[in-house]
2 protein chains.
Amino acid sequence: MTDRIKGILSPVLTPFKSGYVPDPERFVSHCRWLLANDVSLAVFGTNSEANSLSENERIDLLEQLVEAGIDPRRLMPGTGCCSLPATVRLTSHAVKLGCAGVLMLPPFYYKGVTDEGLYRSFAETIERVGDKRLRIYLYHIPPVAQVGISLDLIDRLLKAYPETIAGMKDSSGDWSNTKAVLDHFSRAGFDVFVGSETFLLANMRNGGRGAISATANVNPANIAALHREWASSDADAMQGRLDRVRKIFAKYPMIAAMKRAVAHWREDEDWSRMRPPLVEIAARESTTLIEELKTAGFDMPGIRSTIVSQCQ
Amino acid sequence: MTDRIKGILSPVLTPFKSGYVPDPERFVSHCRWLLANDVSLAVFGTNSEANSLSENERIDLLEQLVEAGIDPRRLMPGTGCCSLPATVRLTSHAVKLGCAGVLMLPPFYYKGVTDEGLYRSFAETIERVGDKRLRIYLYHIPPVAQVGISLDLIDRLLKAYPETIAGMKDSSGDWSNTKAVLDHFSRAGFDVFVGSETFLLANMRNGGRGAISATANVNPANIAALHREWASSDADAMQGRLDRVRKIFAKYPMIAAMKRAVAHWREDEDWSRMRPPLVEIAARESTTLIEELKTAGFDMPGIRSTIVSQCQ
């Protein structure tokens, strides 16, 4: 289990060209900047607008990353869809490419579903993929998916598939839930990632493995630094500085605000484009956001230089 | 506009073989029984477990229906997915097959999206499909999709695409919303279907066009009769009888309960199978359901005889 992925991951923003077409060049470039800042790649997460991408688009983008030389051991693509065959297809593809793991949403259209139904869904996916290399990180994000992952469900899945069920991302925003998961399962080798760096220090102090956080797209180096130095005497102050940046982005529609910041610091307007049903932030909000970030001393060092060759 | 589809449609139940594989033979057979009872086919709705089907499975099942001789003018497949390319693909396919229209969910993963974002999503779909034959019925089902269709959005879409935006299905369960839609748009040729036969008589008396209702899968003849005879003196009594049957099914998980009833009256256990994340109803509930239905005088006349050739 020691070779499992850990630390900080970013649900990588997906850039679009005109006509809402995914833009592999900007995507690869952003991934390289994140890796250069010690942040791994949870591509196709909620903040990636991944649920606005088709299966083929996800498969194509993932292949372009690997072909560009990105190490698949730094990749944890999101593969959980509403339909079982789609989840199986994306998951099999990720495993074949050698990805470290997959971040798997439960099927999220039907609400009020039972743990039995969710268990069958994950179990059937594991059986159909049928590959011992598969590592699943369960994705608990009730504010968006509305369908969550209960302690009972984790327990049952871990007992049935102890090697495959590797951990979870908790985006509930509810520390008491994260704590309960840590208390119940972290000693069984179940790796807990918090869904926001706001909980990073608390997670590390309680046996967690890291964070998979939206704002790792824009503030990667500082978040990764806290992961490395969580046991240091400066850790609480570092956490405070991370929280101040996060709070600025959280005042706006988060994904659009992060794309706006990338567009500003890269001096590349195309980066701000959103695919429907999401939209860009308004012009006035853009101005306020950038001003607030500058006032707070925020920067994205090196983002304009990582165009082609840096890191793997 | 007079040739547009109207009356009663059923979000057709999707039967699965062992291994959760869609079963085209039972599907075609059930569709024939519904058509023989004057009910058209809103295949791939919420009650069809359509969001648990892949794009390819939907395309394949729709082709099998048409190849089996089902008249595409009686078909209104659901085609709204989370991702724009998937929605465009399914919609284009339905139009090419000559379907009467499509029932289109808004993209439903991201919550709290703006009308601007939803407008872009529908507009881009219409532009990409690029076919004058396309007729879209907007699907408003906030209890499940969580993302709804506002009056402002309908107004904007109708103004931009008056021929294409043909109507809506209102599954809000909120008559005041249906009434507002009727009052604002029915005279502009916008066809309103209620999402439950509970509101059928009210809808017809206020200028609506019919119902697209789950229980039309199991009680088709009686629901279709009220649509034909809504102006008769017996209409309120007919509505009362429909409501009593609906109430029995509504006490249980609706899709599983309807499949159980079909399995019972067809004497075909395979019909009760659900694809994850949904599950069958428990054995004890099954017994109670069938007893309640029998006590109420419920029957599914002719369902065992429509195996191969009836109607188109």
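Predicted model: local features only at pLDDT ≥ 70, side-chain atom pairs only at ≥ 80, totals over all residues.
Now the fold content. Chain A holds 12 helices and nine strands. Of its 312 residues, 63% count as buried. Look at the contacts next. Take those between residues at least 6 apart in sequence: 74% of them join residues at least 24 apart.

Chain A exposes about 11,600 Å². Carbon and sulfur atoms supply 49% of that. For charges, count 37 positive and 37 negative side chains in chain A. The centres of the two sets lie 1 Å apart.

Next, the interface. How many residues of chain B are in contact with chain A? The count is 43, and they meet 43 residues of chain A. The size of an interface is often given as the accessible area lost when the parts come together. Here, the area buried between chain B and chain A is about 3,300 Å². Carbon and sulfur atoms give 63% of that area. Which three residues of chain B supply more than any other three? They are B:Y109, B:Y110 and B:P277, with 24% of the area that chain B buries against chain A.

Take A:T198 to begin. A:T198 sits in the loop between strand 8, residues 191–194, and helix 8, residues 200–205, of chain A. Buried, exposed or partly exposed? A:T198 counts as partly exposed, because its relative accessibility is 34%, and that class runs between 20% and 50%. Leaving out residues up to four places away in sequence, A:T198 touches A:Q239, A:D243 and A:R246. Compare A:R244: that residue is 46 residues from A:T198 in sequence, and the C-alpha to C-alpha distance is 9.6 Å.

Now switch to chain B. B:R32 lies in helix 1, which covers residues 24–36 of chain B. Is this arginine, B:R32, buried or exposed? B:R32 is buried, because its relative accessible area is 10%, and the cut-off for buried is under 20%. One distance to finish with: B:R32 and B:H227 are 195 residues apart along the chain, and 19 Å separates their C-alpha atoms.

How values were computed. Residues numbered from 1 in each chain as written. Chains lettered and ligands numbered in written order. Heavy atoms only, no water. Helix = DSSP H or I, 4+ residues; strand = E, 2+ residues; numbered from the N terminus. Buried < 20%, exposed > 50% of the residue type's maximum accessible area, 1.4 Å probe, protein only. Contact = heavy atoms within 4.5 Å. Areas by Shrake-Rupley, 256 points an atom, 1.4 Å probe, with all protein chains shown as cover. Lys, Arg positive; Asp, Glu negative; His and termini not counted. Charge placed at Lys NZ, Arg CZ, Asp CG, Glu CD. Buried area = accessible area lost by both parts, 1.4 Å probe.
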